[in-house]
Amino acid sequence: MIGPNANSRPSILTPLHSFLRQRLTDGVHQTAVLHGEILARGYQGGLRVLRDWLATNRTRPTPATAVRVPPARRITVWIMRPGHRLTDDDRADLADARSRYPDLDTVTDLAAPVPPPGHRATPRCLDQPRPPRRIPRDPRLRRRL
């Protein structure tokens with residue numbers, strides 16, 4: 001013979017279901033707070049019964065949809081590539097990324113444009129005369145002339 005189904009008999013919490021649902025709707029989700037409130041209403045059961053009921057009846061907030069963040073390498077390509085070589089999709093994605101991440105504006109402003117092909121970029125320090133070459137003191141390290 002099979003015993004009675006646990007769901008077939010009323011729970012000790014059954015008279016308090018409507019109260020508990022209302023409190024959950026009000027935003028009270030802490031088990032200890034709810035337990036204290038139902039004890040004041042005459043509940044004589046244990047905390048475990050309340051925890052089990054809350055585990056099945058508590059609605060969890062839906063997690064926020066994660067925003068797709070482009071990889072850093074992709075953003076770097078967008079910033080460093082000349083504007084005329086970006087596709088329309090790249091321009092739209094860069095504008096979207098810049099609107100969501102204000103720090104990208106600073107990085108974009110700091111990025112130096114790439115010189116055109118054939119242009120020889122010379123730093124100012126190379127225009128100055130070179131200091132004399134330091135010769136090592138160890139005679140074994142000297143180059144023979």
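Predicted model: local features only at pLDDT ≥ 70, side-chain atom pairs only at ≥ 80, totals over all residues.

Student: Where is confidence lowest, and where is it highest?

Tutor: Helix H7, residues 124-127, has the lowest confidence with a mean of 54, while H2 has the highest at 92.

Student: What share of the residues counts as buried?

Tutor: Of the 145 residues in the chain, 19% are buried. As for contacts between residues at least 6 apart in sequence, 44% of them join residues at least 24 apart.

Student: OK, on to H2. Where does Leu34 sit, and is it buried or exposed?

Tutor: Leu34 is in helix H2. Leu34 counts as buried because its relative accessibility is 0%.

Student: What does Leu34 touch, apart from residues up to four places away in sequence?

Tutor: Its contacts are Leu20, Arg23, Leu24, Val28, His29, Leu50 and Leu54. There's also a distance for Leu34 and Arg51: they are 17 residues apart along the chain, with 9.9 Å between their C-alpha atoms.

Student: Arg23 is on that list. Is Arg23 buried or exposed?

Tutor: Arg23 counts as buried, at 19% relative accessibility. The cut-off for buried is under 20%. Arg23 belongs to helix H1, residues 17-25, and beyond residues up to four places away in sequence it touches Val28, Leu34 and Glu37.

Student: What about His35, buried or exposed?

Tutor: His35 is buried, with a relative accessible area of 15%. His35 lies in helix H2, which spans residues 31-40. Setting aside neighbours within four places in sequence, His35 contacts Tyr43, Gly45, Gly46, Leu47 and Leu50.

Student: Leu50 again. Which residues of H3 are buried?

Tutor: In H3, residues 47-57, the buried ones are Leu50, Trp53 and Leu54. They lie on the same side of H3, because they cover an arc of only 100 degrees around the axis. H1 and H2 are among the elements covering those buried residues.

Student: Which residues are exposed on the other side of H3?

Tutor: Arg48, Ala55 and Thr56 are exposed there.

Student: Let's switch to H4. What's buried there?

Tutor: Ile75, Trp78 and Ile79 are the buried residues of H4. They span an arc of only 95 degrees around the axis, so they sit on the same side of H4. The cover over them includes H5 and H6.

Student: How do H4 and H5 pack?

Tutor: Their axes are 10 Å apart, and the angle is about 110 degrees. H4 and H5 are therefore roughly perpendicular to each other. On the H4 side, the contact is made by Arg74, Trp78 and Ile79, and on the H5 side by Asp90, Asp93, Leu94 and Ala97.

Student: How many residues does H5 have, and how far does H5 reach?

Tutor: H5 runs over residues 88-100, so to speak a 13-residue helix, and reaches 19 Å from its first C-alpha to its last. That is close to the 18 Å expected at 1.5 Å a residue.

Student: And which residues of H5 are buried?

Tutor: Asp90, Leu94 and Ala97 are the buried residues of H5. Because they cover an arc of only 65 degrees around the axis, they are on the same side of H5. Helix H4 (72-80) and helix H6 (103-110) are included in what covers them. The face turned away from the buried side carries the exposed residues Asp88, Asp89 and Ser99.

Student: Last one: where is Ala111 found, and what is Ala111 in contact with?

Tutor: Ala111 is in the loop between H6 and H7. Leaving out neighbours within four places in sequence, Ala111 contacts Ile79 and Met80. Ala111 and Met80 are 31 residues apart in sequence, and 7.0 Å apart in space from C-alpha to C-alpha. At 24% relative accessibility, Ala111 counts as partly exposed.

How values were computed:
Residues numbered from 1 in each chain as written. Heavy atoms only, no water. Helix = DSSP H or I, 4+ residues; strand = E, 2+ residues; numbered from the N terminus. Expected span 1.5 Å × (residues − 1). Buried < 20%, exposed > 50% of the residue type's maximum accessible area, 1.4 Å probe, protein only. Arc of directions from axis to C-beta. Contact = heavy atoms within 4.5 Å. pLDDT = per-residue confidence, 0-100. Axes fitted to C-alpha atoms, helices over the stretch in contact; angles between N-to-C directions. Parallel < 35°, antiparallel > 145°, perpendicular 65-115°, else oblique.
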